[in-house]
Amino acid sequence: MAKFKCIYLEWEDAVAAADWEEVTEAALFKCKTLGFVVSENDKAICVAAVVSEEDNQCNAKIHIPKAWITLEKRLNIDEQ
């Protein structure tokens, strides 16, 4: 059985800008993430794009607050 489980998330992220521009309506970015759950607690989930089970490492990871998640689908992918 795979150590890291696959997940699909839809979530809303904060928008930031650091340059001079016209004031616009407040908004959030609608994001989609597909990857491997490498860590999780009551407040956040960490999803990585690439995992190595042999040495327990990962890269391209993002920590997403659970309060920002609007849709979560845990994927069941059987090993061949």
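Predicted model: local features only at pLDDT ≥ 70, side-chain atom pairs only at ≥ 80, totals over all residues.

Me: How many helices and strands does the protein have?

Reply: There are 0 helices and 5 strands. Helices (H or I, at least four residues) and strands (E, at least two) are DSSP runs, numbered from the N terminus. Read from that end, the elements go β-β-β-β-β.

Me: What makes the protein more spread out than a compact globule?

Reply: Its radius of gyration is 16 Å, well over the 12 Å that the globule rule gives for 80 residues, so the protein is more spread out than a compact globule. The radius is taken over C-alpha atoms, and the rule is 2.2 Å times the number of residues to the power 0.38. Along the principal axes, the C-alpha atoms fill a box of roughly 55 × 25 × 25 Å.

Me: How do you know that S3 and S4 pair?

Reply: Two strands pair if DSSP finds at least two bridges between them. S3 and strand S4 (residues 57–65) have 8 bridges, in the antiparallel sense. Valine 47 stands opposite isoleucine 62 in S4. In the hairpin of S3 and S4, with 4 residues between the strands, asparagine 56 takes a positive phi near 55 degrees.

Me: And what about S2 and S3: over how many bridges do they pair?

Reply: Strand S2 (residues 29–40) and strand S3 (residues 44–52) pair over 4 bridges, again in the antiparallel sense. Serine 39 has cysteine 46 in S3 as its bridge partner, and a hairpin joins S2 to S3 through 3 residues.

Me: Why is asparagine 76 called exposed?

Reply: Buried means under 20% relative accessible area, exposed over 50%, and partly exposed in between (1.4 Å probe, protein chains only). Asparagine 76 has 69% relative accessibility, so it counts as exposed. Asparagine 76 lies in the segment after strand S5 (69–75). Asparagine 76 and cysteine 6 are 70 residues apart in sequence and 7.1 Å apart in space, C-alpha to C-alpha.

Notes
Residues numbered from 1 in each chain as written. Heavy atoms only, no water.
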